[in-house]
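Trainee: Please give me a close look at one part of this structure. Then connect it to the rest.

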Amino acid sequence: MTKKLIGPLSIGTSLVSVGSPQSARHELTYYGLSNALAEAFKELALGEIPLLTMQSALHAAAFSEGTRTMERRVSDLRIPPSPASLISPIGGQPLEERLFDATANVKILTSQIAMHLEREWRDKLFRQLDSLHDPKEWEPDDEPIQQASFATFLKAIIQIKPKRRPGLGLSHAGYLIAAWTDKFDRLTIEFLPNDRVRWVIGRPRDDEPEHIAGQTRVSRLAETLAPYNPEIWFSS
Amino acid sequence: MISKGSNLPDEDHVMRYVPWTKLRRDENEHVIGFLPQAFELREEEQSLSLNWLEYFSGDRNQRIRESANMFRGIRKVGAKSAYGIGNVRHIKEVCDSNGARVRIVYEPDHENRAHSGIRGLPRDDLSLLDALATQAFVELVRDAEV
Amino acid sequence: MGFREISRIGVRYVNRIDIPVSGPIVEHEMFLNVYPKVPDIFGPLGAYAVQAVLPIGEIGCKLTLNSAAVPSPILDHASFLFDQDIAKEIDPPQSDEAIYDLLNKIRVQKNKVFEACITDRARELFKR
């Protein structure tokens, strides 16, 4: 419960906001209210008091019966959601909307660095993102692409500038995955939030498969991959 | 028939559903395998969910078909999705050589009598996941082909 | 019901200039002509933001110029925002024709301001 320190009230203060600054209903004039407020608070000590009680008391003290009746009638005019509605009243959003919003957000993010990407690359990237977020293929418990992950991906791609484009995937948590494959040599990079990446290389060595994995900052990705001849994946 | 909680026979096979977002693709969107993350446990999961192929009867193709039908009956299956198939012994060997001692256990539930799981998979081991994707689940079958 | 008069017409252009860097010091003065001037004894700046408000007498408008160092969205670069707000608040035009005419004039001024505030080194970046 929110608490506020209430100091002595003074007659003559013009407009005062109580509670949420956006809540106009809480804007009160203190002119002529001293008696009503004193009555409302005679049981309470000045000092820290629950804001909820403060608001209720001020509301009751400040608004006439006529105003409160009008407010109730306005509230009643709002149409409540149907009980049969598929949308949960608390934060529910249809799947298609969620997926659309997620891809739209990362496309907007891309627009902020569009000057560093070739148009064709960008167009293809958007098509891949749309394909990943096809509602018909969507795994219900998965998260759509996370902006923070995509921001990490953009940083990596603009620095590495691969001539060969990766195939894209998405983890359960909505982190973008980029995969390059050259016959049996594989590089898979998962782009995490906060400029982190985790990567794994798989390649055959003396007829035995070898897997090398790591996690690093995106700024060190190129340097980290350098010993593994990344040009086999990145060059055309 | 083995009982719930028992290890699946080494000579048998398991099938994992892999959705479109977890398939490995080339730059032209052609499917070429599985991403390591196709075998990653979700936060709330204790075992990697699979179907026991030999639960179903018939030849191999019939079993694959029945298993796919089971998946389709209990969950959403995307048209572009695929299934990874691997031998129980081989999966355990791959895990072992990557430092993980796992059990592949029969875990039927009321919806799916063929349900099984890989228990003891470490989390966040990307090398192991890559090994599962490339060496353990060696067969890829597209849902559209079943 | 009546109608309301237009009281302000303004346009805002926000540019971000990404400067490649190879070391810890960014010589922003090589790329921009708008930046704070501080005594040399302070050493390099960690961050900055400047604002200038200037009249554009030609078209009776006010230019509010903001420039600041911002976190770069790409690696190995330093980024600077260059934000122009050009507005007419005194006797703004009310007719469609006059409004479009003003907007065209504002665009011309905006380009002049932008060109004046960047150096040739910055122009080379845009050509790449």
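Mentor: Start with one working term. Two residues are in contact if their C-beta atoms, placed from the backbone, lie within 7 Å. Keep in mind that this is a predicted model.

From α4(A), the residues A:N105, A:V106, A:L109 and A:T110 meet A:Q147, A:F150, A:A151 and A:L154 of α6(A). By class, this contact has 5 nonpolar, 3 polar and no charged residues. Helix α4 covers residues 95-111 of chain A, and helix α6 covers residues 147-160 of chain A. The crossing is right-handed.

Now to the part I want you to study: the sheet of chain B. It is an open sheet of 6 strands. Read across it, the order is β6-β7-β4-β1-β5-β8, and the pairing is antiparallel. From one strand to the next, the twist averages 35°.

Follow strand β1 of chain B. On one side, β1(B) runs antiparallel to β5(B), and 6 bridges join them. Look there for B:V14, whose bridge partner in β5(B) is B:G86. β1(B) is also antiparallel to β4(B), with 2 bridges between them. Here B:M15 stands opposite B:N51 of β4(B).

Is β1(B) mostly covered or mostly open? It is mostly covered, with 6 of its 6 residues buried. In a regular strand, side chains alternate between the two faces of the sheet. For β1(B), take each face in turn. B:H13, B:M15 and B:Y17 are buried on one side. B:V14, B:R16 and B:V18 are buried on the other. Both faces of β1(B) are therefore covered, since a residue counts as buried if 20 or more other C-beta atoms lie within 10 Å of its own.

β4 (residues 47-52) of chain B pairs with β7 (residues 115-119) of chain B. The sense is antiparallel, over 5 bridges. B:L48 has B:I118 as its bridge partner in β7(B).

Next, see what lies on the sheet. Helix α2(B) lies across β1 (13-18), β5 (82-87) and β6 of chain B. The helix runs at about 85° to β5(B).

α2(B) has a helix partner too. The axes of α2 (residues 88-97) and α3 (residues 126-136) of chain B come within 10 Å and cross at roughly 145°. α2(B) passes α3(B) in a right-handed crossing. On the α2(B) side, the contact residues are B:H90, B:I91, B:V94 and B:C95. They meet B:L128, B:A131, B:L132, B:Q135 and B:A136 of α3(B). This contact divides into 7 nonpolar, 2 polar and no charged residues.

α3(B) leads on to chain A. Between the chains, 26 residues of chain B are in contact with 27 residues of chain A. β2 (23-25) and α3 of chain B each supply at least two residues of the chain B side. α3(B) gives the most, with 6 residues. By class, the chain B side has 8 nonpolar, 7 polar and 11 charged residues.

One residue of chain A is worth a stop. A:H172 sits in the loop between β5 (167-170) and β6 (176-182) of chain A. Leaving aside neighbours within four places in sequence, A:H172 is in contact with A:D142, A:E143, B:E40 and B:R42. The C-alpha atoms of A:H172 and A:E143 are 6.0 Å apart, although 29 residues separate them along the chain. A:H172 counts as partly exposed because it has 17 C-beta neighbours inside 10 Å.

Finish with chain C. Chain C has 2 helices and 4 strands. Along its sequence the pattern is β-β-β-β-α-α. Its radius of gyration is 18 Å, well over the 14 Å that the globule rule gives for 128 residues, so chain C is more spread out than a compact globule. Along the principal axes, its C-alpha atoms fill a box of roughly 60 × 35 × 30 Å. Buried residues make up 9% of the 128 residues in chain C.

Notes. Residues numbered from 1 in each chain as written. Chains lettered and ligands numbered in written order. Predicted model: local features only at pLDDT ≥ 70, side-chain atom pairs only at ≥ 80, totals over all residues. Axes fitted to C-alpha atoms, helices over the stretch in contact; angles between N-to-C directions. Left-handed = near helix turned anticlockwise from the far one by under 90°. Nonpolar A, V, L, I, M, F, W, Y, C, P; charged D, E, K, R; others polar. Rg over C-alpha atoms; globule rule 2.2 N^0.38 Å. Buried ≥ 20, exposed ≤ 12 C-beta atoms within 10 Å, placed from the backbone. Pairing = 2+ DSSP bridges.
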